[in-house]
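This briefing is meant for someone meeting the structure for the first time. Please look over the sequence and the model, then read the points below, which are grouped by topic.

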Amino acid sequence: MKPRKFSTPITLLIIVASLLLINCLSCSPRSSKPWTREDETKKAHDARMQWFRDARFGMFIHWGLYAVPAGIWNGKDAGRNGEWIMDHAKIPVDQYKPLAQQFNPTKFDARQWVSIAKNAGMKYIVITSKHHDGFSLFDSKLTDYDIVDATPFKRDPLKELALACREQGIKFCFYHSIMDWYRPEQKTDFPKYKKFLYGQLGELLTNYGPLGILWFDGEWIPQWDRAQGRELEQFVHSFQPDIIINNRVGKRERDDGDYGTPEQFIPNTGIPGHDWEACMTMNDTWGFKKNDHHWKSKEDLIHKLIDITSKGGNFLLNVGPTAEGLIPAPSVERLAAMGKWMKTNGESIYGTTASPFRYLPWGRCTRKADKLYLHVFDWPKDARLVVPGLLSTPTSAYLLADPSHRKLPIKRQADNIVIGLPKTPPDLIASVVVLCLKGSPQVDNTIRPLSDGSLELWARDAQTHGSKVCYHVGHGTSLSDYISDWSDKNDWISWEFKLDKPGTFAVSVTAACAKGSGGSEYVLSTAGQNLSAKTKGIKSWNKFKTVNIGNVKFSKPGRYQLTIKPKTIAKDNLMNFKTVKLTPQP
Ligand code: FHN
């Protein structure tokens with residue numbers, strides 16, 4: 001298909017308008033007054049964000065010249081992210097640029113890519129128009145270092161994808177890197193580079209139809225700051241007032257752009273009161289690497305989609321197509337499996353909001369007004385689903401996978417609702433029980449024992465008391481959240497919890513303390529008893545170890561508080577704290 005070519009005058013006009021605009025940002029070509037975050041009413045903002053909040057699931061595509069070496073340079077694996085090969089392998093521009101002559105993705109089929117995304121249940125696609133390597137994956141009049149002028153392919157795949165997305169009802173979006181390794185002026189003459197950056201954004205905002213999102217990245221460069229991010233937002237909105245912009249337009253801070261972008265991890269508490277989208281790879285790399293076979297399972301990916309949605313976020317799941325223009329088969333297989341699950345259960349994802357529950361031992365929950373979608377990962381062996389702390393009155397429950405919505409038996413047991421389930425789950429990965437309520441959900445999220453009687457008190461549920469100690473969410477590892485910065489011995493943490501019956505419990509603490517920083521003392525107190533413990537410097541501040549520190553006895557059921565207070569802090573910090581576990585003793 002021959003892409004529609006703009007006649008030069010129109011393109012010239014765009015560039016002139018963009019360049020003029022940079023110089024007088026206060027005179028947007030579309031309105032007398034430039035858009036500002038402050039001027040946008042909540043109603044207008046919610047209207048602009050609505051499709052994003054409904055969508056919940058999108059496809060990220062990292063595609064460019066880096067797919068040619070595919071992670072290998074001079075016969076060696078060049079390191080983790082395929083799209084960083086120019087940096088990882090320290091490839092000079094004059095040796096990287098010739099890759100363009102080898103980039104001829106003859107198997108590229110825009111309609112096929114969009115169908116793969118659509119059939120997976122994805123509602124939007126974000127593709128790299130320019131990554132850090134500075135290569136433009138679109139026909140730009142501002143450079144010849146682009147796919148039409150520099151490669152044998154000679155076509156504009158983004159034009160073809162824009163059309164295919166429109167045909168299939170998928171929002172089309174661009175990822176665009178502020179950092180640019182190809183243009184030395186990004187470091188030597190930033191105002192000059194900025195004119196190029198703005199000019200290309202003007203082309204993308206003019207030539208590809210209405211865009212859903214402009215997904216900025218590479219914002220960490222020292223030449224960029226939050227004020228320039230605010231200017232860039234105005235510029236973008238002057239072309240497309242309804243577009244959504246991520247927080248990397250600024251410096252990836254909470255109030256930059258329209259939403260947060262945790263990468264390769266899911267914040268345990270989501271980002272309450274804020275729109276956010278977790279972006280993740282399906283293996284370990286964004287750009288294609290021929291030797292990266294570390295694929296996440298379909299179970300893991302479906303659970304991640306549910307987990308993210310249950311915390312009020314979107315899931316932007318990445319594919320890294322090959323230099324031939326094919327999405328790798330393992331990605332296609334996993335997306336098909338996700339689509340099969342979404343075909344039955346999409347109602348429990350699209351347009352839902354975060355769970356009202358602090359924690360559910362068997363799975364997750366999403367919500368749509370007075371309807372709860374209970375995603376059961378671990379099907380109860382006794383076929384009784386205990387919904388803890390739900391004070392609202394349920395009106396009905398049924399399996400989402402049951403087309404006739406046959407009613408499931410419901411009964412109340414104190415603060416819990418118990419739903420009777422069939423012996424076998426309809427879906428081995430995640431089965432959805434719909435629970436309809438009389439009015440909006442009222443939940444008592446007091447911490448209670450798990451089904452095995454044990455009680456787990458986590459960092460994310462702790463009350464922190466003091467000026468320094470805080471809850472820390474890390475990046476991308478399973479040890480990603482803990483209580484940190486515990487340098488002041490007057491700072492302490494606490495939990496409230498409820499026991500339904502008396503008992504004696506063994507107490508274990510999971511924490512980390514770097515080698516040489518041990519020797520501090522703390523006291524754990526609950527039910528009028530005190531357990532003292534000393535920290536041991538093991539390896540590092542994120543190598544967690546569990547130690548038993550004694551037993552506590554609760555003589556009757558009821559509500560209790562548990563506190564942890566430092567006695568002495570030997571070196572810099574008491575510990576990085578993760579969990580207290582109370583295990584019932586016979
Ligand atoms: O450096 C990039 C990386 O290559 C990739 O594009 C990710 C995707 O969000 N963003 C940056 C790292 O934060």
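**Ligand surroundings and overview**

The ligand is surrounded by 15 residues, of which His62, Glu83, His132, Asp217 and Glu263 are the closest. The model is a predicted one, and the domain assignment of the protein chain gives domain 1 (17-347), domain 2 (363-437) and domain 3 (455-584). Between domain 2 and domain 3, the C-alpha centres are 33 Å apart.

- In the side chain of His62, an N or O atom lies 2.7 Å from an oxygen atom of the ligand.
- Glu263 places a polar side-chain atom 2.7 Å from an oxygen atom of the ligand.
- For Tyr175, the distance from a polar side-chain atom to an oxygen atom of the ligand is 3.4 Å.

**Helix 8 and its ends**

- Helix 8 spans residues 157-168, and its 12 residues reach 16 Å from the first C-alpha to the last, which is close to the 16 Å expected at 1.5 Å a residue.
- At the N-terminal end, helix 8 is capped by Asp156, which has a side-chain oxygen 2.9 Å from the backbone nitrogen of Leu158.
- Just after helix 8 comes Gly169, whose phi is positive, at about 70 degrees.

**Cysteines without disulfides**

- The structure contains zero disulfides, and in the case of Cys365 this is because its sulfur is 12 Å from the closest cysteine sulfur, that of Cys436, which is too far for a bond.
- Cys470 is likewise in no disulfide, and the nearest cysteine sulfur, in Cys513, is 16 Å away.
- With a relative accessibility of 1%, Cys365 counts as buried, whereas Cys470 is partly exposed, with a relative accessible area of 27%.

**Asn416 in strand 15**

- Asn416 belongs to strand 15 (residues 416-420), and it is buried, with a relative accessible area of 15%.
- A polar atom in the side chain of Asn416 lies 3.2 Å from the backbone nitrogen of Gly389.
- When residues up to four places away in sequence are not counted, Asn416 touches Val386, Val387, Pro388, Gly389, Lys411 and Arg448.

**Two alanines with positive phi**

- Ala369 is not a glycine, although its phi is positive, at about 55 degrees; this residue sits in the loop between strand 10 (363-368) and strand 11 (371-376), where it counts as exposed at 54% relative accessibility.
- Ala527, also a residue other than glycine, has a positive phi near 50 degrees; its place is the loop between strand 23 (521-526) and strand 24 (529-534), and with a relative accessible area of 30% Ala527 is partly exposed.

Note on methods
Residues are numbered from 1 along each chain as its sequence is written. This is a predicted model: local features need pLDDT of at least 70, side-chain atom pairs count only at pLDDT 80 or more; totals for chains, interfaces and linings use all residues. Side-chain values use heavy atoms; hydrogens and water are left out. A disulfide is a pair of cysteine sulfur atoms within 2.5 Å. Buried means under 20% relative accessible area, exposed over 50%, partly exposed in between (1.4 Å probe, protein chains only). Domain bounds come from an automatic or database domain assignment. Helices (H or I, at least four residues) and strands (E, at least two) are DSSP runs, numbered from the N terminus. The expected span of a helix is 1.5 Å times one less than its number of residues. A polar contact is a pair of N or O atoms within 3.5 Å; within protein, one must be able to donate a hydrogen and the other to accept it, and residues adjacent in sequence count only if both atoms are side-chain atoms. A residue is near a molecule or strand if one of its heavy atoms lies within 4 Å of it. Contact means heavy atoms within 4.5 Å.
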